[in-house]
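Trainee: I would like to learn how to read salt bridges in a model. Where do I start?

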Amino acid sequence: MGGIAAKRRSFLRALTFFLGLGIGLSTSSADLVLQKVPPLTVAQAPNYPQNLARFDLGAQIESDVEADASSSVPFLSGDPASVYALRTGTTRLLISLAKIENINSVAFLNREAKGTVTIALSSAKLSPDSPQWHDAGQQELSSGLISASIGPAEAKYVRLTLNVRIPGRIGNLGIYSAAAVSDFTMPRARNVSAEALAKANYNLADLHAKARTIFVSSGDDLQLAQNMIDGQPGTSYTFAANDAAPAAIIDLGRSVPVNRISTFSTPGSAVVRFYVLDTLPGDSIGNPAAALRIDPQTLAAFKIVRTGSDDGSGRVAVNFEETTGRYVMLAWTPSTQNPNFSVAEVAVFGPASNARLLAANTSGNNAYATSDDKSVRDFKDTKDFSKEIPGEGPAEEQAPGEGPAPELPRPPPFVFIPKVVPTSP
């Protein structure tokens, strides 16, 4: 009987394997259908405050632990795979912004570290021990999102004092001002220092740099797909529970060289395929109601720049040979069916030449520009809260030049009318 039972178990395992193989083959032979994400509207702007803790916006970071100073630099690059290791004891991080801002909140992700974090603000640069720092609150370091509402409060400098009992890592730092429509219609000038260029690059897939998530494979509320590129660790986009192969396409706005992509999603052993494309098939871009259908032959012809695997932390990062493209497609294959698979952040980086171009093009500029022959809508349209936020594509292009001033109307011809003065009798 034992031998019969063993043979039955062996047969069932083989049957399960072949059934699974058949399902995989049938899935791979089907078309990939992606739904078009609705355009971002002005009414949605309050949901997307801008992360000011970014190198390309002029932010800088210092640590009082000299050995960790270099590791803290990529913390401001927008790379979700960049983390900062916290050791036991006290560590102070000082983040300086490009100018005084109205700061609303501070957030970051914590993994394993236990202790407390104290946030302090100042509009003038002070010594770390100065009593003139304005305390903005203290929180326990628990696993997951650490978020503190501290404003609005004017400040140029933010000090994080981390008293750590159990070491760990933190990442996805965000310092946010109150969300404003002007962050989209009149973006902040990009200001990259030469020192920053030598240490870290900037994220091309940034919602405030006019990148857009344009297609997703599933989801209950497609408008939330922009959460994947909004720079907020506390927001994410959740795919449908029955989506066995979640996928998304991000439009960078124009063709640019890229050589690194990183993501942060639901922790697990998912495999991610990364594609960089110059064009998309069909006329789905021009048709606002169209879905994007990709047949297996077309998908097989797409260039996979790299495949990466999640190590269990939810973070995946791949480096690859420099490739030029406008669209980045990501396709996840979770090892197990996850009914709540979500993606919090996607970041795309290019070579250092991109950053040098950014610094050159935005010096003294307002980065409100067009790209790829797309015309910027009239500013009056942005006052209609049902309108799409104008422009897509990175903000590092030159703003369109002004035309000649209109001519003044010709003056009317001079006519002399004599005035008759009455005479006395």
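This is a predicted model: local features need pLDDT of at least 70, side-chain atom pairs count only at pLDDT 80 or more; totals for chains, interfaces and linings use all residues.

Mentor: Start with the general idea. Side chains of opposite charge can pair when their charged atoms come close.

Trainee: How many salt bridges does a search of the whole structure find?

Mentor: The search finds 6. One of them joins the side chains of Asp31 and Arg293, at 3.7 Å from N to O. This pair links distant parts of the chain, 262 residues apart: Asp31 sits in the loop between α1 (2-28) and β1 (32-36), and Arg293 in strand β13 (residues 292-294).

Trainee: Why does Arg293 count as exposed?

Mentor: Exposed means over 50% relative accessible area, and Arg293 counts as exposed because its value is 55%. Asp31, at 35%, is partly exposed.

Trainee: Which residue meets Glu62 in a salt bridge?

Mentor: Lys125 does, with 3.2 Å from N to O. Glu62 belongs to strand β2 (residues 60-63) and Lys125 to the loop between β5 (114-122) and β6 (134-141), so the bridge ties together parts 63 residues apart in sequence. Glu62 is partly exposed at 39% relative accessibility, while Lys125 is exposed at 52%.

Trainee: Are Arg326 and Asp251 buried or exposed?

Mentor: Both Arg326 and Asp251 are buried. They form a salt bridge whose closest N and O atoms are 2.8 Å apart. Arg326 is in strand β15 (residues 315-333) and Asp251 in strand β11 (residues 247-265), so this pair ties together parts 75 residues apart in sequence.

Trainee: Which residues are linked in a network of salt bridges?

Mentor: Asp64, Arg92 and Asp129 are linked in this way.

Note on methods
Residues are numbered from 1 along each chain as its sequence is written. Side-chain values use heavy atoms; hydrogens and water are left out. A salt bridge is a side-chain nitrogen of Lys or Arg within 4 Å of a carboxyl oxygen of Asp or Glu. Helices (H or I, at least four residues) and strands (E, at least two) are DSSP runs, numbered from the N terminus. Buried means under 20% relative accessible area, exposed over 50%, partly exposed in between (1.4 Å probe, protein chains only).
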